[in-house]
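Hi there,

Here is the structure I promised to pass on. Have a look at it, then read my notes below.

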Amino acid sequence: MIWVNVIIQGILVGGFYALFACGLSLMFGVLKVINLAHGDMAVVAAYVAVLLSPHLHIAMVWSFLIVVPIFGLLGYVLQRTLIQRSIDRDPFTTLLVTFGLSVIIENLLLELYTANGRTVNIGSIIAQSWHPGSIVYISYVSLVVLAAAVLVLAVLQLFLSKSRTGRLIRAVADDREAAQLSGANYKHIFGIAAAIAFATVALAGIAYGMMTQFAPTSGGVNLLFAFEAVVVGGIGSLWGTLVGGIALGVAQQFGAHVNPQYQVLAGNLLFLLVLAVRPQGLFGKKTALA
Amino acid sequence: MGDVLLDVRELTVHHGQLCAIDNVSFELNRGEVLTMIGANGAGKSTLLRTIAGLHHPTSGSIDFEGVDVTKWQPHKRVARGISLVPEGRRLFSTMTLEENLLVGAGQSKTGPFTVQRVYELFDWMPSRRKQRVWQLSGGEQQAVAIGRALVANPKVLLLDELSLGLAPIIVERIYALVPEIVAQGVSILIVEQDVAQGVTVADRVHCLLEGKTSLTGVPADLTSEQIDHAYFGADLTKISVPTEVSE
Amino acid sequence: MSKSPTPRALPSTGVAIRRSTHSPIYTLVGSVIIVVLLTAAPWIAPAQVASTLMNFFILVIMATMWNLLAGYAGMVSIGQQAFVGLGAYATLYFALKGVNPFLTIPLAALASGIIAIPVTYLLFRLRGGYFSIATWVIADTAMLVIGTIAVLGGGTGRLMPGLQNLSPSQTAHYSYLATWFVALIVIIGTYLLLRSRLGLVLASIRDNEVAARSAGANVRAARRTVYIIAAAGCGAAGAVLAISQPFIQPTNEFSMQWAAEMLFVSMIGGLGTIEGPIIGSIIFFVLQQSLQQQGVWYLIIFGTFAVAVALWQPKGLWGAFRSRFHSELLPVGHWVKNADGKRATGTLPE
């Protein structure tokens, strides 16, 4: 029964990882940019949710309705200004700039809000768990987050495959120049992809704050997991990211069960194993490979 | 005829330090087919890419229907009516045939070319429209690439090296479509290495040699010697072979 | 008997290829003076200065190695702290076995270099941003693994043995000299490396990888070599770090802070130059010393500066200086000089 709980916990956290990671995956697929500040954006969203809610007189649990669209807009604006500028230089510059931004943001948060953990207050109702057996615990929050993750991924997948803008996004990701020749304003498309990425990661950040405490450095930690989820699942596949996230979650829970010290390590080892044995991931195309 | 659609004046284009196009000028009139011929590296593809907006000229200008579009971004030129079928097809490999056409149609102005019309032009397409384009043959892919450009309802269609990588009979079939497209009111600028094919469909011919104009004229007025000379830059019959004999 | 054509002498083009634009004498004399002063520092300057200089040297070592990786070999690593940590812990390991800590420095560098070899086989499967994050995963993993080894102090850390035999001032002096000499060796070594054949291969890869490959350069081997060298260099930095701050802790030795500092310093100073990391480090220390009381603001400011430089002046400060004044202190590129002795105009060799 213990192993069942391990797997269930892994699935629950895997959903969260996938939600966190889908923006990373999208930005890389479309803009060919790795946003090293991706994780920190989630944390900023969590801080905004926590700090803004009292002023707007809304319960924190509903703050995402306001924060997510704001971050979507922020993503579009940042892309059309800062990120586009660094893309125009070279991929090198985008890595350096996003890393720099990440360090700046983390330290700024540290200075302004200290290293104390905070949470997104969700009230007493959802903060309970379900005990189907004596060993299995399923916290309602985690379940909601998993459901949200699956929903977001499904909507995103549908948007990409059926809508006109989604098709343009796929075209730009496939061959930017050919898309331009077909009339696509690629910078605008980049902006939309960035907006989606920022919106999803903001949602993930708030979800994180609901599940556990967050602090200025939480972004970096989760970026690592998000990246591992993407690589394990396969670069270029949204559903692959879900599978990768779950695989990562299960591996981590496994490790934690053996020894709490081994939790993160187990995830890292899974990542390194996949890199060694099947670098394109479970469902991946060979785009990021050398 | 006589109504100038595209006016390229003293265009010079560089690739880094290499001069790819050197002071080239020409006009494309409404309803005509102009073919640019030249050997590999003569600058033809660069020329088309510059007209489409993917490349910026060092100097010179490009006027379209009297408007200076030299600094315009590619998607704005498409909206205005310039469509390029790029060298190597450049289809969206992750998408189906129909999706490829839909991408082109998404931004389109109204005009004779709808996706349906393209299906009528290429009658094999409707039954294959849900297939991924990488499963199609070279000639079929070229057709899809042309269709994708057509659904944007261009006034000027730029065709870059259609014959590349295709069997001669397929190339013939594709070029047979040119008059049909012109009949719909589209003017065409063709770039070709295959001189015979390029000259056959052309109303006028323009030859490039190492980035410079070497010959222009109407096909009927040009002899094959003239074309060879302009294409290769030398009169092939006059090359001498060293006659020193070893003893 | 066949007449072989007489080879015609090639016309003299009147062009020569030189290393530097001015006589290297200036650099040599200047360097000697600086070396002498820095070596004598513990005796001629207050203890505080020597201690600050030590941290400065450690940063210079790390930044020079990072710059070698990123500026010359094109690999952006945010995981070099893996080797800093491994070097520190190798030193601890050997010290625990009874080896004199100062003698462990080359061993630590060697150990880091050796560990880097299998790492490259994993890492080189990825490119660009994915490569970068993977370097981070490696660093994180190294930290976690070391943290499980109780004898090395586990997660809480432990003191480095072997330094207690010396008097405090002796320890300080020897630590300083060790750090200074390692920094000197690293800088000179990098300079010689870049002037060597490998340096030429790296420059060609950086300028145009496809062309380099078709000219016969073994790109993968060159990159691997550079990665291993950078690992060894960072290992040496970790070793002197461990000696200078003898309480060894995973979170300190493997800290992400090193990655940030290496990167910012190189970017601001100038990627792809040897002087760049040094100049960037000087600026960094000046900023840090003056903003010492304000928590991490110096890092925020420095980071902002680095981002601004990346976007608007990607050559960094030294790169801009070099473009403007056409001079180098440690020349590793080539110039073409016309017959009249003037530098031929054209693109600046980067």
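Let's start with a definition: angles under 35 degrees count as roughly parallel, over 145 as roughly antiparallel, 65 to 115 as roughly perpendicular and the rest as oblique. They run from 0 to 180 degrees between N-to-C directions, and axes are lines fitted to C-alpha atoms, for helices over the stretch in contact.

This is a predicted model, where local features need pLDDT of at least 70, side-chain atom pairs count only at pLDDT 80 or more, and totals for chains, interfaces and linings use all residues. Residues are numbered from 1 along each chain as its sequence is written, while chains are lettered from A and ligands numbered from 1 in the order in which they are written.

Now for chain C, which has 14 helices and four strands (DSSP runs numbered from the N terminus: H or I of at least four residues for helices, E of at least two for strands). The axes of α7 (residues 197-207) and α9 (residues 219-244) of chain C come within 10 Å and cross at roughly 115 degrees, so α7(C) and α9(C) are roughly perpendicular to each other. On the α7(C) side, the contact uses L198(C), V201(C), L202(C) and I205(C); α9(C) brings V219(C), A222(C), T225(C) and V226(C). (Contact means C-beta atoms, placed from the backbone, within 7 Å.)

Chain C also meets chain A: 35 residues from chain C and 36 residues from chain A take part. On the chain A side, α4(A) gives the largest share, 15 residues.

Cheers

Terms used: Two residues are in contact if their C-beta atoms, placed from the backbone, lie within 7 Å.
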